[in-house]
Amino acid sequence: MDYILSNNLNRKRSANKTIAAGCRHTIGLKSDGTVIAAGDNKYGQCNVSGWFNIVAVAAGNVHMARNTGNAHTIGLKSDGTVEAVGWNKHNQCDVNDWCDMKRLL
């Protein structure tokens with residue numbers, strides 16, 4: 001069953017989008033909405049200890065491609081905002097103004 005974002009932010013979790021593997025790191029979404037990470041943290045891609053109310057996670061996993069993520073981690077929060085940490089050479093972590101985001105099914 002997928003989560004649902006509504007005005008009162010009700011959510012139901014699925015196993016989908018709860019674990020992601022980056023180029024040299026792995027992240028996991030815990031049932032309480034926090035995130036854990038392990039692996040290479042050279043660019044801060046594992047700095048997720050302050051993340052709360054996360055409903056989906058993803059990790060940059062293509063090392064040399066110019067048009068994709070690399071060594072960064074993103075999380076979708078239950079309020080529709082986004083968290084991002086890690087390598088930001090191409091501004092891929094500049095998500096502070098992102099809001100009203102939702103996960104595509």
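A word on ground rules. Residues are numbered from 1 along each chain as its sequence is written, and side-chain values use heavy atoms, with hydrogens and water left out. Because this is a predicted model, local features need pLDDT of at least 70 and side-chain atom pairs count only at pLDDT 80 or more, while totals for chains, interfaces and linings use all residues.

Let's start with the sheets. Strands here are DSSP runs of E with at least two residues, numbered from the N terminus, and two strands pair if DSSP finds at least two bridges between them.

S1 and strand S2 (residues 25–29) are joined by 3 bridges, and Ala 20 has Ile 27 in S2 as its bridge partner.

Another open sheet, also of 3 strands, is ordered S4-S5-S6 and again antiparallel. Its edge strands are S4 and strand S6 (82–86), each pairing on one side only. Between S4 and S5 there are 6 bridges, and Ile 54 stands opposite Lys 77 in S5. S5 and S6 pair over 5 bridges, with Leu 76 partnered by Val 82 in S6. The hairpin of S5 and S6 has 4 residues between the strands, and in it Gly 80 takes a positive phi near 90°.

Is Asn 70 buried or exposed? Its relative accessibility is 11%, so Asn 70 counts as buried; the cut-offs are under 20% for buried, over 50% for exposed and partly exposed in between, with a 1.4 Å probe and protein chains only. Asn 70 and Gly 22 are 48 residues apart in sequence, yet 7.7 Å apart in space, C-alpha to C-alpha.

Next, the rings. How many aromatic pairs are there? The count comes to 1, where rings of Phe, Tyr and Trp (its six-membered ring) pair if their centres lie within 6.5 Å, and planes under 30 degrees apart count as stacked, over 60 as edge-to-face and the rest as tilted. The partners are Tyr 43 and Trp 87, edge-to-face, at 6.3 Å centre to centre and 65° between the planes. This pair links distant parts of the chain, 44 residues apart: Tyr 43 is in the loop between strand S3 (35–39) and S4, and Trp 87 is in the segment after S6. Tyr 43 is partly exposed at 38%, whereas Trp 87 is buried, with a relative accessible area of 18%.

Last stop, the largest pocket. Here a pocket is an open set of points on a 1 Å grid over the protein atoms alone, with protein on both sides within 12 Å along at least five of seven lines; lining residues have an atom within 4 Å of a point. The volume is about 310 Å³, taken as the space filled by probe spheres set on the points, which are joined across faces, edges and corners. Its lining has 13 residues, and Ala 56, Ile 74, Leu 76, Lys 102 and Arg 103 lie nearest the centre. Strand S4 (54–61) and strand S5 (70–77) each supply at least two lining residues.

Conventions. On a 1 Å grid over the protein atoms alone, a cavity is a set of points where a 1.4 Å probe fits but cannot get out, and a pocket is an open set with protein on both sides within 12 Å along at least five of seven lines; lining residues have an atom within 4 Å of a point.
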